[in-house]
Amino acid sequence: QDRYYLVAADAASQVIWSGTREQLAELTPDVLASKLAIRKQFAGCTDLEAALNAAAAVLRKHPQAAETYVLTFSDLLHEPPRGSWTTCAPPSGEPPAGIDWDTLGQARLGFYFVSKDYRFRPDAKWRAEVERLGLRADFLDAAQTLTERVTVTPPAPATYKPTQAQVEAAQGKVNELKDRLLQASRYMAGI
């Protein structure tokens, strides 16, 4: 069953909602706005390292997931809080060094509303870092996000993959059945 998680990328980045596909349908714009309104005290800064690491923590909790996506809607300007929720570090277009890319790299990555601010160039710097790590991600600036048809390809239907222990147990049952059939055939033949 599909699970969805929303992580607030603000001064106190954390998971703010999770649920099933059916529960996601109940997350109307008004409900989402009320959830975000509670977080106004954290709205002044953006800790992208904490936000992406919160997403990575969710991925680590679900290693059996058939397919994972991490969709980030941010300008990718890292401005973490310094000393208070409203005093921020100067904006940086560089990806923070502490992001758990090993875990995030297992998901399909998409970054939307990425800033093209020429002073910081997060669009170029984040893309370069992701490529340097050998990962793939979609990067769309605000104009592209709003005008291009953004598609998220759903995963193929799940297929059952038994564990080695399950395969061995099944093989044992098959061998046991063969032995019983052989004994039954010998009995019927009078051997």
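Modeller: This is a predicted model, in which local features need pLDDT of at least 70, side-chain atom pairs count only at pLDDT 80 or more, and totals for chains, interfaces and linings use all residues. Residues are numbered from 1 along each chain as its sequence is written, and side-chain values use heavy atoms, with hydrogens and water left out.

Biologist: How many aromatic pairs does the structure hold?

Modeller: Rings of Phe, Tyr and Trp (its six-membered ring) pair if their centres lie within 6.5 Å; planes under 30 degrees apart count as stacked, over 60 as edge-to-face and the rest as tilted. The number of such pairs in the structure is five.

Biologist: Of what kind is the aromatic pair of W101 and W126?

Modeller: The ring centres of W101 and W126 are 6.2 Å apart. With 75° between the planes, the pair is edge-to-face.

Biologist: Which strands hold F111 and F139?

Modeller: F111 and F139 form a stacked pair, 4.9 Å centre to centre with 15° between the planes. The pair ties together parts 28 residues apart in sequence, because F111 lies in strand β4 and F139 in strand β5. Strands (E, at least two residues) and helices (H or I, at least four) are DSSP runs, numbered from the N terminus.

Biologist: Is L76 buried or exposed?

Modeller: Phi of L76 is near 65°, a positive value in a residue other than glycine. Buried means under 20% relative accessible area, exposed over 50%, and partly exposed in between (1.4 Å probe, protein chains only). At a relative accessible area of 0%, L76 is buried.
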